[in-house]
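This briefing is meant to be read beside the sequence and the coordinates.

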Amino acid sequence: MLAFNSRIGIIGSGRLGTNLAVVLANHGYERVSITCRKSSAKPSIQALLPKVTIFDNNQDLADFSDLIIVCTPDHQITTVAESTTWNSQQSVIHCCGPLSYDVLAAASDSGASIGSFHPCQTFTGNINIASVNKLFEGTLINISSDSPTLLESLSNLSRKIGGIPISIPDELRPLYHVAAVITCGSLAALMSISMNIWKAIGLTESEAASALKTLSTTTLANVHEHGIPASLTGPILRQDFETIDSHLNALMHYSPEAAGVYALLSKITLDGSSLPIEKDPNSKDVSNRYTDLIERISSCLESPR
Ligand SMILES: NC(=O)c1ccc[n+]([C@@H]2O[C@H](COP(=O)([O-])OP(=O)(O)OC[C@H]3O[C@@H](n4cnc5c(N)ncnc54)[C@H](OP(=O)(O)O)[C@@H]3O)[C@@H](O)[C@H]2O)c1
């Protein structure tokens, strides 16, 4: 059981590390520390976390901590594990989605317990102390460990900060994580296509942002309240084939790459067997037009981009 007076050290004061330090402090963990390698960044971290100790380097923080949470980019985790001296009283975990705790083998070789703690949430550098707790409420946290005791502590910690602990088998972690990235980063990339198109046809930045906000907010609210099939709208569902054709023509002219994205998403919409697309089996015309549409989409997907 991780006591409120346990010494928790966070390596890396980036997006997740800082949010995690704030949420731990907000939930009563009294002895949280964090590393910050850039002296220019320390005042803003100290302002966010007045009671938190800030260390310049990983070893000083490790020497001061019982549980060490590595919040560096994924490719630095092994380097951190290998370049730090650990002891058998410590627990060392990382927060990476796709990697198992094996990347912390160097800490395990020194006798430390190792594990992982991946919140399935998105964290940015825009931190608001009052709302950080909400980021963890209802958030799935994928935990794993080579020690049953540490696993139980991570499970309790997850619940304490409002999360829901889960355990994904190591071999499924990349797939689990890519679904999170599609829901988050890829969704943002998709929205950037729309923003760029609206700006390219003359909308101002604020007009384009308004269009994005109203459409995406309503869509996400519908998805959460009614589920994905009931939230789908658009020309595919209406069987408006000329409209889809005009979209593909316009996009091929604007950007074949964007046309490819739209064609692929249209194909996914069409292929989704659970989608409420009403095809009239008695109507040869509708059936032919679906076939034409699928061929058109395929040609857009195959055209060189
Ligand atoms: N952000 C998210 O939404 C999110 C969500 C779930 C899980 N995660 C996981 O959390 C971890 C951190 O991601 P992040 O988005 O917070 O990254 P980030 O914003 O890029 O922050 C990384 C931090 O690590 C520091 N760092 C880099 N190399 C280091 C080293 N060798 N020793 C000590 N500190 C080092 C960086 O310091 P400098 O600035 O000095 O380089 C920076 O403060 C990753 O494993 C990621 O997969 C992130």
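Is Leu48 buried, exposed or partly exposed, judged by the other C-beta atoms within 10 Å? Leu48 is partly exposed, because 18 other C-beta atoms lie within 10 Å, a count that falls between the 12 or fewer of an exposed residue and the 20 or more of a buried one. The model in which this is seen is a predicted one, and the points below, grouped by topic, should be read with that in mind.

**Surroundings of Leu48**

- Leu48 belongs to helix α2, which covers residues 42–48.
- When residues up to four places away in sequence are not counted, Leu48 touches Thr18, Val22, Ile127 and Ile129.
- One of these pairs, Leu48 and Ile127, is 79 residues apart along the chain, yet the two C-alpha atoms are separated by 8.4 Å.

**Overall form**

- The protein has 14 helices and eight strands.
- Its radius of gyration is 24 Å, well over the 19 Å that the globule rule gives for 305 residues, so the protein is more spread out than a compact globule.
- Taken along the principal axes, the box filled by the C-alpha atoms of the protein is roughly 75 × 40 × 40 Å.
- Of the 305 residues in the protein, 29% are buried.
- Among the contacts with a separation of 6 or more, 60% are between residues 24 or more positions apart.

**Packing of α1 with α6**

- Helix α1 (residues 15–26) packs with helix α6 (residues 129–136) at an angle of about 95 degrees, and the axes of the two helices are 9 Å apart.
- The two helices, α1 and α6, are therefore roughly perpendicular to each other, since angles of 65 to 115 degrees count as such.
- On the α1 side the contact is made by Asn19, Val22, Val23 and Asn26, while α6 contributes Ile129, Val132, Asn133, Leu135 and Phe136.
- Sorted by class, this contact of α1 with α6 has six nonpolar and three polar residues, and no charged residues.
- Val22 of α1 and Ile129 of α6 both take part in this contact, and both are also among the residues that Leu48 touches.

**Packing of α12 with α13**

- Helix α12 (residues 241–254) and helix α13 (residues 256–271) have axes that come within 6 Å and cross at roughly 150 degrees.
- Because angles over 145 degrees count as roughly antiparallel, α12 and α13 are described as roughly antiparallel to each other.
- From α12, the residues Ile244, His247, Leu248, Leu251, Met252 and Tyr254 meet Pro256, Ala258, Ala259, Tyr262, Ala263 and Ser266 in α13.
- The contact of α12 with α13 divides by class into ten nonpolar and two polar residues, with no charged residues.

**Shell around the ligand**

- There are 25 residues around the ligand, and of these Gly12, Gly14, Arg15, Leu16 and Arg37 come nearest.
- Two or more residues of the shell around the ligand are given by each of α1, α4 (77–83) and β6 (113–119).
- Helix α1 provides the largest share of this shell, namely three residues, and α1 is also the helix that packs with α6.
- By class, the shell around the ligand consists of nine nonpolar, twelve polar and four charged residues.

**Further residues**

- Leu104, placed in the loop between β5 (91–94) and α5 (105–109), is buried, because 27 other C-beta atoms lie within 10 Å.
- Not counting residues up to four places away in sequence, Leu104 touches Ile77, Ala81, Val92, His94 and Ile114, and the C-alpha atoms of Leu104 and Ile93, eleven residues apart in sequence, are 7.6 Å apart in space.
- Ser155, in helix α7 (residues 148–160), counts as partly exposed, with 19 C-beta neighbours inside 10 Å.
- Leaving aside neighbours within four places in sequence, Ser155 is in contact with Ile143 and Pro165, and from C-alpha to C-alpha Ser155 and Pro165 are 5.6 Å apart, although ten residues apart in sequence.
- Gln239, in the loop between α11 (235–238) and α12, has a positive phi of about 60 degrees although it is not a glycine, and it counts as partly exposed, with 17 C-beta neighbours inside 10 Å.

Note on methods
Residues are numbered from 1 along each chain as its sequence is written. This is a predicted model: local features need pLDDT of at least 70, side-chain atom pairs count only at pLDDT 80 or more; totals for chains, interfaces and linings use all residues. Axes are lines fitted to C-alpha atoms, for helices over the stretch in contact, and angles run from 0 to 180 degrees between N-to-C directions. Helices (H or I, at least four residues) and strands (E, at least two) are DSSP runs, numbered from the N terminus. Angles under 35 degrees count as roughly parallel, over 145 as roughly antiparallel, 65 to 115 as roughly perpendicular and the rest as oblique. Two residues are in contact if their C-beta atoms, placed from the backbone, lie within 7 Å. Ala, Val, Leu, Ile, Met, Phe, Trp, Tyr, Cys and Pro count as nonpolar, Asp, Glu, Lys and Arg as charged, and the others, Gly among them, as polar. A residue is near a molecule or strand if its C-beta atom, placed from the backbone, lies within 6 Å of it. The radius of gyration is taken over C-alpha atoms; the globule rule is 2.2 Å times the number of residues to the power 0.38.
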